[in-house]
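Please keep the viewer open as you read.

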Amino acid sequence: MGQEQSTFISEDTPPQNLSERSLAAVADFIKSGRARRIVVMTGAGISTAAGIPDFRSPETGLYANLAALNLPEPEAVFDLAFFQQNPRPFYALARELYPGARYRPTVSHAFLALLARKNLLHVLFTQNIDCLERAAGVPPDRIIEAHGSFATQRCIDCREPFADDAKMRESVERGEVPRCERVVGRDEDETDGIGGKEQDEERRCGGLVKPDIVFFGEALPKAFFERSGAVQEADLVLVMGTSLQVHPFAGLPNMAEEEVPRVLFNLERVGSFGTRADDVMVLGDCDAGVRKLADALGWRDELEKAWRELVGDEEAERQLQGAAKRLAALHDEVGKLAEEVEEALHIDEKEGDQEVVKESQKGQDRDASAAGSAEQTEESVKGEAGSNTNLPDAEPRPEEKGSPSRNNNSASQDSTEQGEKTDGADKAKETAA
Ligand SMILES: [Zn+2]
């Protein structure tokens, strides 16, 4: 499960279930009533427009906040041993990400809720911990939060659930770390003379309470394994905004029956997409792809209306402007690369002059790096969309565990990341000072 196959379907291979490999054909397939059990897998990319920060990105205030809390490394925020010593950095992050605190659903989330309302959503598997699927109105019993969520919490010592959600929310808002209240015994007050039995002190567990977010080395929720079989019942699979790099989540799309159409909404091709006859890839911004599908389905007005009612016009505009900015940044980058290539080519044309030969050499170097230009551009955007890391496949690592961590450091970014981290830390120090 999960390994990428190397054989891509050739253009000549006809699809089995779709009339063609296109979004329009997918819409027809849904409209024909043949897709009644749609299984969806989502990742950080569907929350990008919401502004959920990449907690390691130095540009976000969030990273600076965490740096100010003296984390040995950003990943420590999802490390159980570190949490035991110092839960405050995690709670700083929790305060930021807590459902309802700051972030609102995207149009992609609203689309999932729409699928559920139309009784087409069989199961939604999400890697995100932001609970925005719930916030959008997807019924909780349809959602499998593969990397946990803030929806429930428990004591890390005795595993007792901490049931008082209101108290939990209050603690998080105040930046306090809640403690387990399970009564483990009574301290008989031997000198008790005044108040009698009421004076007996209840002894409480007092362990640290942690939201049920999967930390390093922790098992995925049981529900993930119990429900993963639902993928085999799917008659249509939608994969949205995930780079499918971390197993076992990454293996889910491959569990669908071979002839079941699979649609990918992501900045780039991932996993085994493209190896099956009914794979459709909608590459680009996730929300944009979802809007295209909604158009093809004739659901666009309904979708936009539902989304605006959910988030309000102001937030809707903010998200739309953010999307425009991301697109502009992408165009800028592509433009710059194109200019550089152009320049290098021109210089190559003039030969002879030593000066120019040197330049030409530089140009070739640049050209060489520009050979991967599309890829580089994609990578940097991928960063924004929070698709993912070059992680070893073995087990989910915290950066994959949910959206705050979604971290897309490609190897090339890794090399520069250290410097950025330092910058972030410095900035944080400056801010703190
Ligand atoms: Zn406890």
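A residue is called buried if 20 or more other C-beta atoms lie within 10 Å of its own, exposed if 12 or fewer, and partly exposed in between, with C-beta atoms placed from the backbone. By that count Ser108 is buried, since it has 30 other C-beta atoms within 10 Å. What you see is a predicted model, in which local features need pLDDT of at least 70 and side-chain atom pairs count only at pLDDT 80 or more, while totals for chains, interfaces and linings use all residues. Residues are numbered from 1 along each chain as its sequence is written.

**The sheet**

Helices (H or I, at least four residues) and strands (E, at least two) are DSSP runs, numbered from the N terminus. Two strands pair if DSSP finds at least two bridges between them. On that basis there is an open sheet of 6 strands, with parallel pairing and the order β3-β2-β1-β8-β9-β10. At its edges stand β3 (143-145) and β10 (279-283); each has a single partner strand, so one side of each is left without a neighbour in the sheet. From one strand to the next, the twist averages 15 degrees.

Inside the sheet, β8 (residues 236-240) pairs with β9 (residues 262-266) in the parallel sense over 4 bridges. Here Val237 stands opposite Arg262 in β9.

**Helices on the sheet**

For the angles below, axes are lines fitted to C-alpha atoms, for helices over the stretch in contact, and angles run from 0 to 180 degrees between N-to-C directions. Two residues are in contact if their C-beta atoms, placed from the backbone, lie within 7 Å. Helix α5 lies across β1 (38-42), β2 (121-126) and β8, and runs at about 150 degrees to β2. Helix α9 (residues 286-297) also packs on the sheet, where it touches β8, β9 and β10 and makes about 135 degrees with the direction of β9.

The two helices meet as well: α5 and α9 pack at an angle of about 40 degrees, with their axes 8 Å apart. That makes α5 oblique to α9, given that angles under 35 degrees count as roughly parallel, over 145 as roughly antiparallel, 65 to 115 as roughly perpendicular and the rest as oblique. Val107, Ser108 and Phe111 of α5 make the contact with Cys286, Asp287, Val290, Arg291 and Ala294 of α9.

Which residues does Ser108 touch, not counting those up to four places away in sequence? They are Ile46, Met240, Gly241, Cys286, Asp287 and Val290. Ser108 and Leu303 are 195 residues apart in sequence, yet 9.4 Å apart in space, C-alpha to C-alpha.

**The core**

A nonpolar core is a set of buried Ala, Val, Leu, Ile, Met, Phe, Trp, Tyr and Cys residues joined through C-beta atoms within 7 Å. The largest one has 79 residues, of which Ile38, Val40, Phe111, Leu112, Leu124 and Leu236 touch the most other members. Helix α5 (residues 107-117) gives the largest share of this core, 8 residues. Beyond its neighbours within four places in sequence, Leu124 has contacts that include Val40, Leu112, Val138 and Ile143.

Helix α4 (residues 88-97) is largely enclosed by the rest of the structure, because 7 of its 10 residues are buried. Among them are Phe90, Tyr91 and Leu93.

**Annotated sites**

UniProt positions are given in the numbering used here, feature names are shortened, and annotations may be inferred rather than shown by experiment. An unreviewed UniProt entry places the feature "binding site" at Cys155, Cys158, Cys180 and Cys205. They are spread over 51 residues of sequence but cluster in space, with a largest C-alpha distance of 8.7 Å. Cys158 touches Cys180, Arg182, Cys205 and Gly207, leaving out residues up to four places away in sequence. Cys205 lies in the loop between β6 (201-204) and β7 (209-213).

The unreviewed UniProt entry also places the feature "active site" at His147, which lies in the loop between β3 and β4.

| Residue | C-beta atoms within 10 Å | Class |
|---|---|---|
| Cys158 | 12 other C-beta atoms | exposed |
| Cys205 | 17 other C-beta atoms | partly exposed |
| His147 | 27 C-beta neighbours | buried |

**Backbone details**

His247 and Pro248 are joined by a cis peptide bond, with omega about 10 degrees. Leu244 has a positive phi of about 50 degrees although it is not a glycine, and is found in the loop between β8 and β9.
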